[in-house]
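My entries follow the structure below.

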Amino acid sequence: VIGKLPKRPWTMRSTRRTFLAAVAAVAAGAAGIYAARSAHLVAGSEPRPLRIPPLLDARKQGQAIALSVQAGTTEFFPGRESETLGYNGAYLGPTIRMHRGDDVQLSVANSLREATTVHWHGLVVPGELDGGPHQLIGPGATWRPVLPVRQSAATLFYHSHVHGETARQVYLGLAGVLIVGDDAEAALNLPSEYGIDDIPLVLQDRQFEAGRLVLPSGMMTLMEGRRGDTLLVNGTPNAFARVPARRIRLRLVNGSNARFYHLSFDDGRTFQWIASEGGLLEAPVELRALTLAPGQRAEILVDFSTGGSATLETARDSNLPMVGMMGRLRGSLAPERQPVLAFDAGVPGEPPIPIPARLAVREHANPAQAVRRRRFVLGMGMEGMAGGGMMGRGMMGGGMGMATINGRAFDMARIDERVRLGDTEIWEVSGEMMAHPFHVHGVHFEVLSRAGARPDVLDQGLKDTVVVQEPVELLVRFTQPAVNAPFMYHCHILEHEDNGMMGQFATD
Ligand code: C2O
Ligand code: CU
Ligand code: CU
C-alpha cells in the first residue's frame, strides 16, 4: 500500500522517508507517546503549586490592555529550560478581564521573528477585529483593535491563529484566558475572587524529553493531532492548589492541540456545571463527569466546604483515528486515568451559600426562523478507503490534502460560504474517522439535535465549539458583519485546522 506520496499531503515535508518513519513510529508510538512517561522520571516531578496567570482587568487599566508576544525560556521542571512563547511572559498569557458594554483598546506588539495573530475565541465581534488568519501581525508590528464587548458573562480563550502555524504557536505557549463579566452575573454572587475561589485552569498535554518540551512531528501527529504524556495546568506539571474551604468556581479551558478530557474527581464527588462556551446556563446542572474537547470551556462550582483534598482526574482519551489495529493498540496503551490537579482545602469551613436556581434568562432562537440549511463534512480523506491504514484516496490521489471540509482544503483566498447578516440558519455538521471539535467564529449557536435525536446533556447552552462525528444540527444566528474580513469555521484539533480542515464565510 505504500507508494508515492502527493506533493503536500499535510503541507509539511512529505518525503517517503518521513512517511515510513511515521508508520514505524506507530508501533513504537506507544513508547514515544504514552509508555515513556518521561516527565515522571526526571528530577523535580514532585507536586508543584498551580501557577495562576496574572489578571489584567480592563476596567482597572483605563480600558487599555497591552500584550507583547514574545519568545522566552520556561522551566517546567527545575533546572530544565525549554524554549517557549508567551504573552507578556515566557509561556501562556495573562488572564484578561473585560466587562459587557465596554470598548477595550488592545495593543498587541509582536516581538517574534515570525508573524502571529491573536484570535479572541468566543468573543462575538466584527470580522476584522476577530484576530483570525487575516489579521496577521508581522514581526515588530503592533495591532490595535478596539473590542466592543456586547455579550453576556463568559469564559473565553485567546490564542494564535496564523494559518499553518497555529498548532505550533499554541503548543509553544501562545494562549490565554479571556473573561467577560456583566452586571447580571455579578448579582448572582458566584465565587469571583480571582485566583482564590475563581480559578482559571488551562488544560494542556505536552511532550517532554528529559524535562524539556519537545514538539512531536510526523504523520501520526498530523492525523491525530499533537499529544503528550504530561498534563499541564496553566503551564504547571503535577500541579496542586490550596483552596479555601468553601464553594469554588473553576473556569476550565481546554487549551490542548488535540486531546479530549473526561474530567471527574477521584472521590466521585458531584459538581455544578454553570456555564458553557457562550456563558451561564439557565440553571446549574449537577454532574459527576464532564468532557471538554479542544477549544471548549466550562465553568463549574465545586464544594470544598468540608475541607480535605480531592484530585481532578481525566480518563483516557481514546479519540484517535481508528486506523485499523494500530489505532486501537495505541488507544489502549494510554493510561486509564491521569491526575490533572490536586486540591487541598484544609480544615472544614462554613457551609456553602446556596447556588442560585436560575442563573440566566435566555431567549431561545426558534428553528422555524432558519432560512436555510448548510451541510459540512469534516474530512480526513478516508472515504471509500478499504482495509484501514492511512493511505486513503486523499493521501494517494491527486495531491489533495487529507484534512478538508466538504472535500476541500482551506484556501485563504476562497470564501466558502456567504450568509446574510441577521439571518438564522441550520448547519448540519459531521466528521470522519474520529470526533472533531467544530468551532465557528463570530457566533454563538445552539445544538438542536445529535445523530437525529435529542442533543446530549453537555450540548446544552450557548456554544461556539461542539464535538461532531455523528451529525449534529446547529442553530446559528449571524449577528456580526464579516465584510472587511471573513470568519473561520474549523476543527479545533489544531493540526487538522492547519492542514486544511477549515473554511471561511463572509456576510452580505
Ligand atoms: Cu480557538 Cu478559530 O479558534
Ligand atoms: Cu475562534
Ligand atoms: Cu478534526
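I started with Arg249, which is buried at a relative accessible area of 1%; buried means under 20%, exposed over 50% and partly exposed in between, with a 1.4 Å probe and protein chains only. The model is predicted, so I kept in mind that local features need pLDDT of at least 70, that side-chain atom pairs count only at pLDDT 80 or more, and that totals for chains, interfaces and linings use all residues. Residues are numbered from 1 along each chain as its sequence is written, chains are lettered from A and ligands numbered from 1 in the order in which they are written, and side-chain values use heavy atoms, with hydrogens and water left out.

I took a salt bridge as a side-chain nitrogen of Lys or Arg within 4 Å of a carboxyl oxygen of Asp or Glu. The count by this rule is 32. Arg249 has such a contact with Glu185, at 2.8 Å from N to O. Glu185 belongs to helix α3 (residues 183-186) and Arg249 to strand β17 (residues 247-254), so the pair ties together parts 64 residues apart in sequence. I noted that helices (H or I, at least four residues) and strands (E, at least two) are DSSP runs, numbered from the N terminus. Glu185 is buried too, at 8% relative accessibility.

I then checked Asp508 and Arg418, whose side chains form a salt bridge at 2.8 Å, N to O. Asp508 sits in the segment after β34 and Arg418 in strand β27 (residues 417-419), so this pair ties together parts 90 residues apart in sequence. Asp508 is exposed, at 56% relative accessible area, and Arg418 is partly exposed at 46%. Asp423 bridges to Arg420, with the closest N and O atoms 3.3 Å apart; Asp423 is buried at 12%. Salt bridges with shared partners join Glu185, Asp198, Arg249, Arg251 and Glu299 into one network.

I paired rings of Phe, Tyr and Trp (its six-membered ring) with centres within 6.5 Å, calling planes under 30 degrees apart stacked, over 60 edge-to-face and the rest tilted. There are 19 aromatic pairs by this rule. Trp427 and Tyr489 have ring centres 5.5 Å apart and planes at 80°, so they are edge-to-face. Trp427 lies in strand β28 (residues 424-431) and Tyr489 in strand β33 (residues 487-491), so the contact ties together parts 62 residues apart in sequence. Trp427 is buried at 0% and Tyr489 at 2%. Ring pairs link Phe376, Trp427, Phe438, Phe478, Phe487, Tyr489 and Phe505 into a cluster.
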